[in-house]
Amino acid sequence: MAAQKVTEWRKLPVSLTELCIETTLRCGQSFRWRKINEQWHCVLKGRLISLKQDPTHLHYKVTWPTSTATPKNEHPQDFEDDTSVLLHNYFALSHSLTTLYAQWSLSDANFARRAPAFTGIRILNQDAWETLISFICSSNNNISRISQMVLKLCTHYGPYVATVEGEAFHDFPGPEALAGKGVEAHLRELGFGYRAKYIAETAGCVAQVYGERWLPRLRNPGVPALGAAEEDISVKKEEGAEEKESVESKADLDNQPTYQKAHEALLTLPGVGPKVSDCVCLMGLGWGESVPIDTHVWQIAQRDYNLGGKGSAKTKTLNKAMYEAVGDHFRKIWGPQAGWAQSVLFTANLKSFSEQAAGVEKKGVVKVEEESQEEMVTTAGVVPKPGKNKGVVVKIEESEEMAATTSVAMSRKRKTVTAEVIPKAEPDASVQTTTARTLRSSKRIKSQV
C-alpha cells in the first residue's frame, strides 16, 4: 500500500466560547467523529481531518487517501487552504456564538440559567444526504448505537480513505451505494432492524426517482452547502437543462425554498417523520429556525416551559398539533436561529453531560427548605438547626439578588437567603449569680412545704 499523504498541523483562530469541539462533536449532531489519543477524526469531502483544540485555536491536519495523495496541480498547499475553508463552513464560523447566546439569554431566563455550563455549542453544517440517513437511524435509538450503525454503513458501503492508530476510516456512502440490490437484507443482518427498509427505500428514492439535485434544492439559499464552491459550478453548467425525471418536477419547490416547504418535502421519504425532517433541515440544509423535538426536547418543553398542559390535563403524547405548537413557541422566544438554542438545552439534558450541567450551580447562595429542617448549607459549612445548639443563632437577610427576583424565585415552600452565624452573647456574671440564688431559695421553700 502506498504511503498516505499527511499534512502538518495548521490552526484556525477560534475561542472555546465560540466553538467547543468536546461538546459539539458529542451532542448527537454528527455520528462519525471518533476520538483517538485526545484527537478527533472524521472523513469530510474525501479527506480524513484530525482536530485538537486549545483555548484560542482549533488545530487541524489532513490525511489524503493514496489515490489523491498527489493533487492534480501537484501543489498540496491548495488542498490545505481548501480544508481551512471547509472547516469554517462545517462549523458555521460566520455566526457569532457569543452574540447569539447573549440574545437568547435576554429572551429566555431558562436558557440564561443553563447555558453558562455549555458554551461553544454550534450547529454543524453537514452534508444533507449523510444527515438524512443518520437520523433515519436515530429512530428509537441512542447516540452510541446510532454511531455504531453509521460506522457500519461507512465500513461496508463507503470508500476507504485512511487509517489512524489501526482504525480504518471510510467516507459516507452515497445514495447509489445504499440503493443496490440486497442492501436491506444485509443491513438487517448488521442489526439495523426495521430501519434497514427505510434506508434502502430512501436511497432508492433519492438515487433513482427524485434525482441528485433534489436535496440541494431544499437548502436554505442563504447558507452555502458543505463544499459549495464545487457544487455551485456544477449547477451553473446545468442551468437551462431539461428535467430528466417527471417525479423530480412534481417534487420540485416553487420559486425560492422555505423551511416549511423543505420540511414537508422530506416527509415524503420512507422513515422520515417530523423530528427526522427537522434534524435534516437544521443540520443538513441550513434552516436555523428548525427545532427538532424528540423525547428530550419534549421533556424540556413540559418541565421548563409548562407546555402540554398541567396536572391531569397534561398531554403525555406528542401529536402533530403539539409538535408544531412547541416548535412555534421556541421560534417565538429564540428567533431565526431557534434550532441552535435548542441544541444547547438538548445537550444540557443528556445524562452524558450531567456533571457538566451540575457545574452551573451558583456559589455563595443558600437554599432553605422548610420541608427539611435538619440543616442549612452555606459556602462556609453547615449551620445547625436553631434550637439544637442554643449557643448559635442564625440571622436571615435577603440578598440584593433575591430582592430583585423575589417575584420569580420565592414561594411558600422555598426561598433564597444568605446566612450569617452570630455567636450568642454570654449572660452577665451578676445576672447568673442572682439567678442561681433565686433557684436555691425556691428549692428550700418547696422542701419546707
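C20 counts as buried, with a relative accessibility of 14%; here "buried" means under 20% relative accessible area, "exposed" means over 50%, and "partly exposed" covers what lies in between, using a 1.4 Å probe and protein chains only. C205 is buried too, at 19%. The cysteine sulfur closest to that of C20 belongs to C27, and at 9.8 Å it is too far for a bond. A search of the whole structure turns up 0 disulfides, a disulfide being a pair of cysteine sulfur atoms within 2.5 Å.

A word on how to read all this: the model is predicted, so local features need pLDDT of at least 70 and side-chain atom pairs count only at pLDDT 80 or more, while totals for chains, interfaces and linings use all residues. Residues are numbered from 1 along each chain as its sequence is written, and side-chain values use heavy atoms, with hydrogens and water left out.

Now for the chain as a whole. It has 21 helices and 13 strands; these are DSSP runs numbered from the N terminus, with helices (H or I) of at least four residues and strands (E) of at least two. Of its 449 residues, 41% count as buried. The accessible surface comes to about 24800 Å², and carbon and sulfur atoms own 53% of that; the areas come from the Shrake-Rupley method with a 1.4 Å probe, and for residues only the protein chains shown count as cover. Take the contacts (heavy atoms within 4.5 Å) between residues at least 6 apart in sequence: 71% of them join residues at least 24 apart.

Salt bridges come next, and the whole structure has 11 of them. The term stands for a side-chain nitrogen of Lys or Arg within 4 Å of a carboxyl oxygen of Asp or Glu. One of them joins E18 and R122, at 3.2 Å from N to O. The two sit 104 residues apart, with E18 in the loop between strand 2 (10-13) and helix 1 (21-24), and R122 in the loop between helix 4 (109-114) and helix 5 (128-136). E18 is buried at 15% relative accessibility, and R122 is buried at 0%.

Another salt bridge brings together R114 and D304, at 3.4 Å from N to O. R114 lies in helix 4 and D304 in helix 15 (residues 295-305), so this pair ties together parts that are 190 residues apart in sequence. R114 is partly exposed, at 26%. Salt bridges with shared partners also join E22, K35 and E38 into one network. Within it, the closest N and O atoms of E38 and K35 are 3.6 Å apart; E38 is exposed at 60%, whereas K35 is partly exposed at 37%.

T163 stands opposite A168 of strand 8. The hairpin made by strands 7 and 8 has 2 residues between them, and E165 takes a positive phi near 50° there.

Finally, how far can the model be trusted? The pLDDT, which is the predictor's confidence in each residue from 0 to 100, averages 79 over the chain, and 69% of the residues score at least 70. It stays under 50 over residues 69-74, a stretch with 6 contacts beyond four places in sequence. Residues 76-80 are also below 50, and have 11 contacts beyond near neighbours in sequence. Where pLDDT is low, the predicted coordinates should not be read in detail.

Methods
Two strands pair if DSSP finds at least two bridges between them.
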